[in-house]
Amino acid sequence: MFRSNNVVARIFQRQICTPAPGTSNFMERVYRRAHRNSFNPREEDMPRNEGHIDLEIIQECVYCARRFYENLVPSCTIYDVECPDNSFRKFTDDGQYLISFSRNNQDLIVYRPRWLSFSCKEEDCDSCYLPSKAKKFESFFTQLYCVSLASSNEFICKDFFLYMESSQFGLFATSTAQVHDAPATGGAVQGIPSIEKITFHLLRLEDGFRLDERVFHNDFVNLTHSMGVFLYDDLLAIVSLRYQTIHVLQIRDSGNLVDVRSIGTFCREDDELFLNSNSQHVVGPHQLPLDHVENGLDHNQTRMHDFFLSGIKQRLLSFIFRRISNEETDKTLRMQCLKKKFYFHFQDYVDLIVWKVIYALLWTGTILGPASFVNQVW
């Protein structure tokens, strides 16, 4: 029903995709022009560059697309439109949904555009008379649903929203207030605030059904403009600034959030086993706080931070060391170069923290590539 009511989609289907009466399909004409030998075996009709589309076909394609966009252009602006008292976030990438939140940051309100509602045939559309309903929000958008996401002590993060166009899933976040003077316990980084509860909600935008959610307790994820969360295809990376861990999850087609890997203190599956087996004479039995366990870090590592750097920090130091070491072939010059560029700045490298995910995730099946995150000095 929505596709048939979309005037723009119907015009595009009629003018571009559908051939005119009595003519062949446009793509069929392209195929015939490029491969005349399979339709007309006469030698004089064979193209000079067999298998390539000639300039005439390319010009025809450009003309069709240009003809469509020249006939449908916004030419009139309506001011002082009566809008609902909501906080509008953005359109989805495909333009199907308009995301907004209630003023109390508790509810999610999703609208769908009605597309072309009014038209004008004159050149000066600003002087055209429009009916009074043209200044109403309901004339251009239809409310699909209103879903309550946040509890009494939680609020929706207005700056955070990720959209999966392939499955039309939307990822939203709610959180409690920040605690800026929280103590650094359980391996947390000193100076980073703490949030008692952060919840990621996965919704199906078609009807607002909540598919799955993931909760982080006493942690901190930078949700402003999605700086701490990155979506690549069906892989979701969440950066815990407080515990310096990258949580990698997969969004299944069924709408489930599945844990794939947590990269931070340990990078490989057997890192924890190896370190625990070699540190039993140093570190006794202990138990992590409950919040650290719920965040996917159920490891015997509370006091281990006093003796070891995290796995992700070890990988960074190894990468820097090898890169500097490979700059010189002579052993004497190599040692001087390492003293000057590595050992002299060693503490600066140790103080680096994972800050945000800015590049595409390079999933190799074992570990994220070094370009998947950036380290900055806190």
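The points below go through selected features of this model, which is predicted.

1. The open sheet. Four strands make up an open sheet in the order E1-E2-E3-E4, with antiparallel pairing. Its edges are strand E1 (86-91) and strand E4 (141-148), each of which pairs on one side only, and neighbouring strands in this sheet are turned by 25 degrees against each other on average, direction ignored. Within it, strand E2 (residues 98-102) is joined to strand E3 (residues 107-113) by four bridges in the antiparallel sense, and Ile99 stands opposite Val110 in E3.

2. Aromatic residues around Phe88. The count of aromatic pairs in the model comes to 14. In one of them, the ring centres of Phe88 and Tyr111 lie 6.3 Å apart with the planes at 40 degrees, so this pair is tilted; it links distant parts of the chain, since Phe88 belongs to strand E1 and Tyr111 to strand E3, 23 residues apart. Phe88 also forms a tilted pair with Phe137, at 5.5 Å centre to centre and 40 degrees between the planes, and here the partner sits in the loop between E3 and E4, 49 residues apart from Phe88. Phe88, Phe91, Tyr111, Phe137 and Phe141 form one aromatic cluster.

3. Strand E5 (residues 155-156) pairs with E7 in the antiparallel sense over two bridges, and Phe155 stands opposite Ser175. E6 and E7 run antiparallel and are joined by three bridges, with Met164 opposite Phe169; these two strands form a hairpin with four residues between them, and Gln168 in the turn has a positive phi of about 55 degrees. E7 pairs with E9 as well, in the antiparallel sense over seven bridges, and the bridge partner of Thr174 in E9 is Thr199.

4. Nonpolar cores. The largest nonpolar core has 35 residues, and those with the most contacts inside it are Phe160, Phe200, Leu223, Val229, Ile238 and Ile246. Among the elements that give two or more residues to this core are strand E7 (169-175), strand E9 (194-204) and strand E12 (235-240), and E12 gives the most, with five residues. Leaving aside residues up to four places away in sequence, Leu223 touches Cys157, Asp159, Phe160, Ala173, Ile198, Phe200 and Val229. Apart from this core lies another, of 15 residues, among them Ile99, Val110, Val147 and Phe172.

5. Helix H9. In helix H9 (residues 331-343), Cys337, Leu338 and Phe342 are buried, and what covers the buried residues of H9 includes helix H8 (311-325) and helix H10 (346-350). At the start of H9, a side-chain oxygen of Asp330 comes to within 3.1 Å of the backbone nitrogen of Thr332.

Note on methods. Residues are numbered from 1 along each chain as its sequence is written. This is a predicted model: local features need pLDDT of at least 70, side-chain atom pairs count only at pLDDT 80 or more; totals for chains, interfaces and linings use all residues. Side-chain values use heavy atoms; hydrogens and water are left out. Two strands pair if DSSP finds at least two bridges between them. Axes are lines fitted to C-alpha atoms, for helices over the stretch in contact, and angles run from 0 to 180 degrees between N-to-C directions. Buried means under 20% relative accessible area, exposed over 50%, partly exposed in between (1.4 Å probe, protein chains only). Contact means heavy atoms within 4.5 Å. A polar contact is a pair of N or O atoms within 3.5 Å; within protein, one must be able to donate a hydrogen and the other to accept it, and residues adjacent in sequence count only if both atoms are side-chain atoms. Rings of Phe, Tyr and Trp (its six-membered ring) pair if their centres lie within 6.5 Å; planes under 30 degrees apart count as stacked, over 60 as edge-to-face and the rest as tilted. A nonpolar core is a set of buried Ala, Val, Leu, Ile, Met, Phe, Trp, Tyr and Cys residues joined through side-chain atoms within 4.5 Å.
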